[in-house]
Structures are given as C-alpha cells and as structure tokens.
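Work through the exercises below with the sequence and the 3D view side by side. Try each task before reading its solution.

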Amino acid sequence: MKDFDEDEQGNLAKLGEDLKAGMFKPFPVRRVTLHEQKPDGRVKRRPLGIPSIRDRIVQEALRMVLEPIFEADFCEHSYGFRPNRHTMDAVGYLGLRLRPNTGNYFWIIAGDIASYFDTINHRKLLRLLRRRIQDEKGLDLVWKFLRAGVMEKKLFRDTFRGTPQGGIVSPLLANIYLHELDRYMERHLRITNYERRKRRSKGEANFLYVRYADDFVVLCNGTKAQAEAMRQELSEFLGTTLKLNLSMEKTRVTHVNDGFKFLGFWIQRMTGTSGRCVPKILIPDEAKKKFLHKMELALNPSTHQESVAAKILALNRILNGWGHYYRYTANARRVFGRLDSQVFWLMGHWLGRKYKTTMPEVMRRFWKDKTYRTNKIRLRSLCGIPSKRYLARRIPNPYTTRTPQAIDREDIFSIDAMWSGREVRGGRMDWRDLVLERDGAICAECGLEYPEWELELDHKTPRARFRRAKGADFLENFQLLCTPHHRNKTKKEQQVLSRVR
C-alpha cells in the first residue's frame, strides 16, 4: 500500500498500460487464517484472501463492468452481496411468507453447501460468464484472478477451484455461479395462484425459495416426504450440474413450529399475544453464548496491561456490530438488557483486577451516566441501540429501473471489526490522555499546537536506558511530539543504540 502510494499516478498509468496490452498478471493472494474460538473450546479456522492493492483496483474495475450486466438477470429473492439488499431483507421475507393464510408453508429445508467458496468449478464459471460476456480480454482477466494462486506462510499453492474469500469480485462471481440454482428453483416459483391451488388440489406441493450467498431456505406446503424429495432433488442438481456438495447431515427438513436457523437468526412459528400462530424472528441461544464468550476473551485477565480507553473502544465495536445486527428481533429488548448486566460485571471485574481495587472504588472512579467511561470515551450499552420491527420491502433493481436509484452496499468485511483491543504497547492510550490533559495538544519540540491525532506519544528518556524492573512508563517521562520531530528523535536514538552495541 505504501509503495503504491509513493507514486500513485505513475503506478495507475502503468497498470492501465498493462491492462490494455494484455500483460497484466495478478499476484498470488496472501492468505491468512482467522481463528475463532467457540464457547465449547473448539477453534474454527476460516481462510481469508488478501489481494495486493493493484489487484484490488483491477478487481473493482472488473466488478463495475460485470455487475450491471448480471444484476439484470439475478433472481428477486437472492439477497447476498447485492446492491441495496441486506441480511434482514432475506429474513424479513421469510417472516412475511410464514404468516397465517399465506400458503400454509410448514416444512423447511435449510440448505448448507459444503465449502462453497472453496469448491467453485473454474471452467463451469467461465462457461456461465460466456453467456453474457463476449469480450475475451475480460474473460481472460477473470481466469487469471481465479488461477493466481495463494501465498500462505511464504509457501505458494496453485488454485484449481474456488474463489478467494476477501477478493472484491469474489462475491459477484459466487452469485453468478449459484444463479443456476436460482433458475432451477424458479420453475417452482413463477406460477400463478391458480396453478398453486390446482397443484394442491392434486396433492402436489408448492415451494418458495430464498437465498443469501451460499445459504438458502426452501419452504414447502406439502408433506414432509415431499420436502425430503425436494432436498434430494436439490442435492442431485448441485452435484451433477454445479459440481457442488449439499451437506445432507446439515440440510435438515424441519417443521416451522420447531424452528430453524438462518443467517444467525432463529425463526419459529409460535402462539402470539392474540392467540394466533405467528412467525417470530429471535436471537438464538448460540448467538448469546458466542457474544458473551467474545466479551470474556476481550476482558481476559491477561489483558490488564491494556489501556482502559483501548478496551472500551474494542468493546464498543463488538457491542455496536452485534446490537445493530439483532436489533430487529422480537426478543431484542429482553436479551439486550440481560447481556448489558453481564457486560457490566465483566468490565467492572476487569477494572478491579487492573487497578487492584474494590468494586465500590471502581464505581466511584469510572461509573458515570449509567456506564463506565473515561474523560473521552464511554462504554455503550446494547439497550441504547433502538430496536424496531423490520418491514419486508420490494427492492427495485438499480440498473434496470427508469428512475435513478442510489446504491447502498452491506458491509461484507471490516478490518476494524477484527481488532481485539490489544495495543502494540499496553497502556499507551491512557498515558496519552493524561499527557494531553497536562500539556495540551502542543508539540514539546517546536511548541506548535496540532490536532490531537497528529501528535505522537514519546518517552523523554528512551525505554532502553531504564532497567526492566523500574520501567520507562511514568507520567513525567512522557511528552507529545509532532510526527516529523518524533521520527527524527527515534532515528537518532536508534543510531546511538547501534553504536553502543
């Protein structure tokens, strides 16, 4: 990123020349493995591909060309990674279709495709692209990205199947591939109400279908045997036509009254306040356990050297993301209140251990306005996130409607969301706040006033000159320097240390 920015215009011009000449060759994708510890102690490993900055620029240009072409064909009830469509649109549509007097859909097929992103057949994908794309240069560019390979722990590995999770164009290619499944299911969907009634009078089942990326749900208003027959039909279609494996163990046929899980939500038909059976979208117990487990990891005793400000910032990111995802559920207020109480005690005990003090002293020092806070940052609460009912909506296609449509995209991945709250050097944010309070936003070297974010925390006497037992971290040894002066001072200190060694 830094190397590219040093000569941004020159690098962009060179990139354009390589593309026009057909000489562009993508770098292997740098693969990292995310480790997610489950509440039961298991560790789930998820590979993530990180393309280089030049490859990301080309992938974004490729997406801008391909998306308007294929968006015109995509199924109305495919919601994943598409403009102006979000997770709750898929869940809200299911809630709408499971209401009483909307077709009596009782049996649910919740599909699970095994390792979908890692098993996409490249040659099949190119054949699907050729249906709408005739430009050989564009198709060759897609092929190069698919076969670029991956670098993992300095080892190169060829990629003969799949698309890298993390690539900008990968979600669109994944949707193009599974559009064949949408087309296959549309023969059950594009029939009139008269035809549906006629099928039911003959004892045949009707189906509804919703897909979000590689997760899909099929609703059946027939018998359980008819639903199981559809599951077998889907398995055969995916295996023979798309070379994918439908996990029969995880793709279960369940009754709507027993409930099913979709995109992290629990959907179940139960008796409502009016005495009628209505579908409810709930926060599953597994999600609550996972949330608390994540908070316990963030507030582990091994993190006591971290700043309070850094810890609150990290917790706020977890609380904000989790709360906004589940704010539309029927049990949000009740669950949010219980979880806030547990977070209160976890954070209180973390502060007590960090400062080796009692809970009353923690409350006196950090509790204000019904939350923990420092002078500059406060811990937010889940109950502070407004909960409301999500209304299913008809979504116009931004590329085919006559009236201009603003394009909104759901956040797929955020580097900030991965931050654990751990600082490179524990306690830096707290020391920085104390020095700002003492000296103001002024560089100690040049005496000029700067915005707070342009000043860097610096040790007056370098850390290397202190014995480990004493340490260099005390208020009198800290100052704030502007970036140029801080870099110069650090460079001189390194030169002195190198001569001494």
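**Exercise 1. The sheet**

Task: In what order do the three strands of the open sheet E9-E10-E11 lie, and is the pairing parallel or antiparallel?

Solution. The order is E9-E10-E11, in an open sheet with antiparallel pairing. Strands (E, at least two residues) and helices (H or I, at least four) are DSSP runs, numbered from the N terminus. E9 and E11 are the edge strands; each has a single partner strand, so one side of each lacks a neighbour in the sheet. From one strand to the next, the twist averages 30°. Axes here are lines fitted to C-alpha atoms, for helices over the stretch in contact, and angles run from 0 to 180 degrees between N-to-C directions.

A note on the source: this is a predicted model, in which local features need pLDDT of at least 70 and side-chain atom pairs count only at pLDDT 80 or more, while totals for chains, interfaces and linings use all residues. Residues are numbered from 1 along each chain as its sequence is written, and side-chain values use heavy atoms, with hydrogens and water left out.

Now take the strands pair by pair. Two strands pair if DSSP finds at least two bridges between them.

- E9 (residues 260-262) and E10 (residues 265-271) are joined by three bridges. Phe260 has Ile267 as its bridge partner in E10. Phe262 stands opposite Phe265.
- The hairpin of E9 and E10 has two residues between the strands, and Leu263 takes a positive phi near 55° there.
- E10 and E11 (residues 277-282) are joined by six bridges. Trp266 stands opposite Leu282 in E11.
- The hairpin of E10 and E11 has five residues between the strands, and Gly275 in its turn has a positive phi of about 90°.

**Exercise 2. Aromatic pairs**

Task: Which class of aromatic pair do Trp322 and Tyr326 form? Which class do Phe344 and Trp367 form?

Solution. Start with the rule. Rings of Phe, Tyr and Trp (its six-membered ring) pair if their centres lie within 6.5 Å; planes under 30 degrees apart count as stacked, over 60 as edge-to-face and the rest as tilted. By this rule there are 17 aromatic pairs.

Trp322 and Tyr326 are 4.8 Å centre to centre with 50° between the planes, a tilted pair. Both belong to helix H11 (residues 308-326), four residues apart, about one turn of the helix. Trp322 and Tyr326 are both buried.

For Phe344 and Trp367, the centres are 5.2 Å apart and the planes at 80°, so the pair is edge-to-face. This pair links distant parts of the chain, from Phe344 in helix H12 (residues 332-355) to Trp367 in strand E12 (residues 367-368), 23 residues apart. Trp367 is partly exposed, at 32% relative accessibility.

Phe265, Phe291, Trp322, Tyr325, Tyr326 and Phe336 form one. Phe265 is also the residue opposite Phe262 in the sheet of Exercise 1.

**Exercise 3. Charges**

Task: Where does Arg54 lie relative to the ring of Phe27, and with which residue does Asp55 form a salt bridge?

Solution. Arg54 lies over the face of Phe27, 4.4 Å from the ring centre. A charge sits over a ring if NZ of Lys or CZ of Arg is within 6 Å of the ring centre and within 35 degrees of the ring normal. Arg187 lies over the face of Tyr184 at 4.9 Å.

Asp55 forms its salt bridge with Arg54, with the closest N and O atoms 3.3 Å apart. The criterion is a side-chain nitrogen of Lys or Arg within 4 Å of a carboxyl oxygen of Asp or Glu. Both Asp55 and Arg54 are buried. In total, the structure holds 21 salt bridges.

Now try helix H2 (residues 8-21), where Asp18 and Lys14 are four residues apart. Their salt bridge has its closest N and O atoms at 3.0 Å. Asp18 is buried at 16% relative accessible area, whereas Lys14 is partly exposed at 46%.

Finish in helix H3 (residues 53-71), where Glu67 and Arg63 are separated by about one helical turn. Their salt bridge has a closest N and O distance of 3.1 Å. Both Glu67 and Arg63 are buried. Glu60 joins Arg63 and Glu67 in a network of salt bridges.

Methods: Buried means under 20% relative accessible area, exposed over 50%, partly exposed in between (1.4 Å probe, protein chains only).
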